[in-house]
Amino acid sequence: MSENSNEELPSSELGTREYWDKAYSLEIENYKDHGDVGEIWFGEESGTKVVRYIEDNLKLFKEDDRIMDLGCGNGMLLLSLARKGFRKLTGIDYSQKAIDLAREVLDNENYFEVELLAGDIVDSAVLDDSYLILTSCNWTKDEIIEHFTNYFEFKEEIPSKKFLFGGQTGNTITQLIFTKIVREQQCA
């Protein structure tokens with residue numbers, strides 16, 4: 001594959017629902033046995049930055065806006081937001097086992113009102129919400145913007161740690177803020 005090729009890399013095991021169901025099955029057992037919530041995939045700092053961004057930019061959010069955590073995993077970002085007083089929270093993950101773990105964690109902390117859904121984010125209610133805050137360790141800013149361009153407008157990037165490798169500068173993670181694109185209904 002050439003350096004400037006637009007071809008995608010082959011899929012990895014990490015891109016399969018089976019991998020995540022197996023991983024979260026083990027994490028559910030660990031949580032039940034030891035109270036360990038499992039891996040926080042992007043690190044606690046990334047969740048803290050998202051919560052801080054939302055708190056610092058409350059003027060952007062209306063009181064009735066929902067906050068959705070896509071790929072919520074064990075629900076730790078949702079738990080952090082709930083602890084800060086946010087109440088219209090929804091977590092979506094395509095692994096039912098991740099949702100099961102998140103439900104146990106949130107229920108154990110008495111945050112029963114957090115909605116959790118198993119499913120694909122593109123086919124879910126996410127397209128009906130106002131803001132999307134996305135964290136990725138796999139895609140660059142430009143790749144994410146291109147992927148979501150039909151659904152969301154890019155607004156802002158949350159700064160993250162940078163590194164230099166082979167003369168190129170990159171981020172350890174990419175965190176972007178988008179707003180929903182509102183399209184007018186076409187009359188038939």
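## Overall Organisation

Among contacts in the chain between residues at least 6 apart in sequence, 65% join residues at least 24 apart; contact here means heavy atoms within 4.5 Å. The model is predicted, so local features need pLDDT of at least 70 and side-chain atom pairs count only at pLDDT 80 or more, while totals for chains, interfaces and linings use all residues. Residues are numbered from 1 along each chain as its sequence is written, and side-chain values use heavy atoms, with hydrogens and water left out.

The secondary structure comprises five helices and eight strands. Helices (H or I, at least four residues) and strands (E, at least two) are DSSP runs, numbered from the N terminus. Along the sequence, these elements follow the pattern α-α-β-α-β-α-β-β-α-β-β-β-β. The chain has 188 residues, of which 34% count as buried. A residue is buried under 20% relative accessible area, exposed over 50%, and partly exposed in between (1.4 Å probe, protein chains only).

## Nonpolar Cores

A nonpolar core is a set of buried Ala, Val, Leu, Ile, Met, Phe, Trp, Tyr and Cys residues joined through side-chain atoms within 4.5 Å. The largest such core has 31 residues, and Ile54, Leu89 and Leu116 touch the most other members. Helix 1 (17–34), helix 2 (44–56), helix 3 (76–83) and helix 4 (96–108) each supply at least two residues of this core. The greatest contribution to this core comes from helix 4, with six residues. Another core, of seven residues, lies apart from it; Leu132, Ile144, Leu176 and Phe178 are among its members.

## Aromatic Pairs

Six aromatic pairs are present in the structure. In one of them, the ring centres of phenylalanine 148 and phenylalanine 152 are 6.4 Å apart and the planes stand at 65 degrees, so this pair is edge-to-face. The rule is that rings of Phe, Tyr and Trp (its six-membered ring) pair if their centres lie within 6.5 Å; planes under 30 degrees apart count as stacked, over 60 as edge-to-face and the rest as tilted.

Phenylalanine 148 is buried, with a relative accessible area of 10%, and phenylalanine 152 is also buried, at 3% relative accessibility. Ring pairs join Phe148, Phe152, Phe154 and Phe178 in a cluster.

## Salt Bridges

Side chains of opposite charge can pair when their charged atoms come close. A salt bridge is a side-chain nitrogen of Lys or Arg within 4 Å of a carboxyl oxygen of Asp or Glu. The whole structure contains nine salt bridges.

One of these joins lysine 161 to glutamate 45, with the closest N and O atoms 3.6 Å apart. This pair links distant parts of the chain: lysine 161 lies in the loop between strand 5 (152–158) and strand 6 (162–165), and glutamate 45 lies in helix 2, 116 residues apart. Lysine 161 is exposed, at 53% relative accessible area, whereas glutamate 45 is partly exposed, at 44%. Within helix 4, aspartate 107 and arginine 103 are four residues apart, about one turn of the helix, and their side chains form a salt bridge of 2.9 Å, N to O. Both are partly exposed: aspartate 107 has a relative accessible area of 26%, and arginine 103 has one of 25%.

## A Buried Lysine

Lysine 49 is located in helix 2. Its side chain has a polar contact of 3.3 Å with the side chain of glutamine 175. A polar contact is a pair of N or O atoms within 3.5 Å; within protein, one must be able to donate a hydrogen and the other to accept it, and residues adjacent in sequence count only if both atoms are side-chain atoms. Leaving aside neighbours within four places in sequence, lysine 49 is in contact with Ile158, Pro159, Ser160 and Gln175.

## A Loop Residue with Positive Phi

Asparagine 110 lies in the loop between helix 4 and strand 3 (115–118). Its phi is near 65 degrees, a positive value in a residue other than glycine. Asparagine 110 is exposed, with a relative accessible area of 53%.
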